[in-house]
Amino acid sequence: MTIPIKVSLSSLHEGRWYEYLVRFALGGAATVFTGLVSSRCGASVGGLFLALPAIFCASATLIESHEIRRKKEAGLEGRRRGQEAAALDAAGAALGAFGMLAFAAVFWVLVEWSVAGTFIGASLSWLAVAVAAWFVRRRFRLVRSARRKSGSAMSRSR
Amino acid sequence: MSEYVIRFLIGGAVVSAFSMLGDVLKPKSFAGLFGAAPSVALATLGIAIYQHGAGYAGSQSKAMMAGAAALMVYSVFVCQLLIRTRMRALPASLLSIVVWLTAAFGLWALSGGHA
């Protein structure tokens with residue numbers, strides 16, 4: 001089985017300079033906001049906002065606009081394709097959230113033990129769980145589509 | 001004041017790094033994993049340990065579990081909105097923040113959360 005993950009550096013050229021600036025500003029603002037909530041409402045409420053999907057809003061909007069721009073350059077409308085691309089990003093984020101849950105759990109368990117070990121362990125857990133969730137979902141989809149194909153082939157042969 | 005400037009710069013840098021990593025990866029569903037990367041958490045928890053100690057960061061990460069579970073609900077909701085209602089990405093993702101807030105505070109309260 002081949003690994004279907006690819007790295008495409010050309011995607012970086014599709015972005016406009018202000019889009020990177022918006023993401024930087026949004027990331028900074030989300031971090032400041034979390035700090036403010038923690039200082040006003042306590043560590044526990046502030047901790048909830050560590051998983052605030054503020055960055056997701058920006059990235060989904062950018063993905064949609066890139067897809068629409070690409071389709072318009074090819075002479076197509078591209079709106080539906082843009083929505084589908086953003087929906088795929090959201091599906092990936094749902095799987096990534098499993099990784100974020102693992103990150104938080106490992107961080108909570110290890111933090112009193114070693115600071116460097118906590119950050120390394122929690123980050124590796126995030127990566128391992130998120131990637132594993134993605135592969136499990138892909139496997140299910142492949143099995144389901146293979147069953148569908150064999151089912152329609154059998155009905156045709158009858 | 002300078003604390004918030006440092007927060008802004010570290011948060012912006014970490015979030016941008018994860019976003020760019022997501023940009024170069026294909027397929028899109030795999031790149032989406034980086035939309036739920038703990039980028040804000042990495043920046044905030046590092047500062048929390050430095051300023052308040054491990055116990056404080058531990059409390060934050062414990063509550064973050066409810067936020068992460070709410071993020072799953074949120075992402076599935078946004079995905080369904082985009083596919084079924086054909087809403088644009090910005091209104092769909094912004095409106096769904098209400099779903100995230102409800103799920104996050106609901107799970108936090110259920111787990112006996114207190115400020």
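Student: Which residue in strand 1 of chain B is the bridge partner of A:Val7?
Tutor: Residues are numbered from 1 along each chain as its sequence is written, while chains are lettered from A and ligands numbered from 1 in the order in which they are written. This is a predicted model, in which local features need pLDDT of at least 70 and side-chain atom pairs count only at pLDDT 80 or more, but totals for chains, interfaces and linings use all residues. Strands (E, at least two residues) and helices (H or I, at least four) are DSSP runs numbered from the N terminus. In strand 1 of chain B, A:Val7 has as its bridge partner B:Leu25.

Student: Which helix of chain B gives the most to the side that touches chain A?
Tutor: Residues are in contact if their C-beta atoms, placed from the backbone, lie within 7 Å. The contact takes 70 residues from chain A and 73 from chain B. Among the elements giving two or more residues on the chain B side are helix 1 (2-24) and helix 4 (54-85). With 25 residues, the most is given by helix 4.

Student: How far apart are the C-alpha centres of domain 1 and domain 2 of chain B?
Tutor: Domain bounds come from an automatic or database domain assignment. For chain B they give domain 1 (1-52) and domain 2 (54-115). Their C-alpha centres are separated by 17 Å.

Note on methods. Contact = placed C-beta atoms within 7 Å. Pairing = 2+ DSSP bridges.
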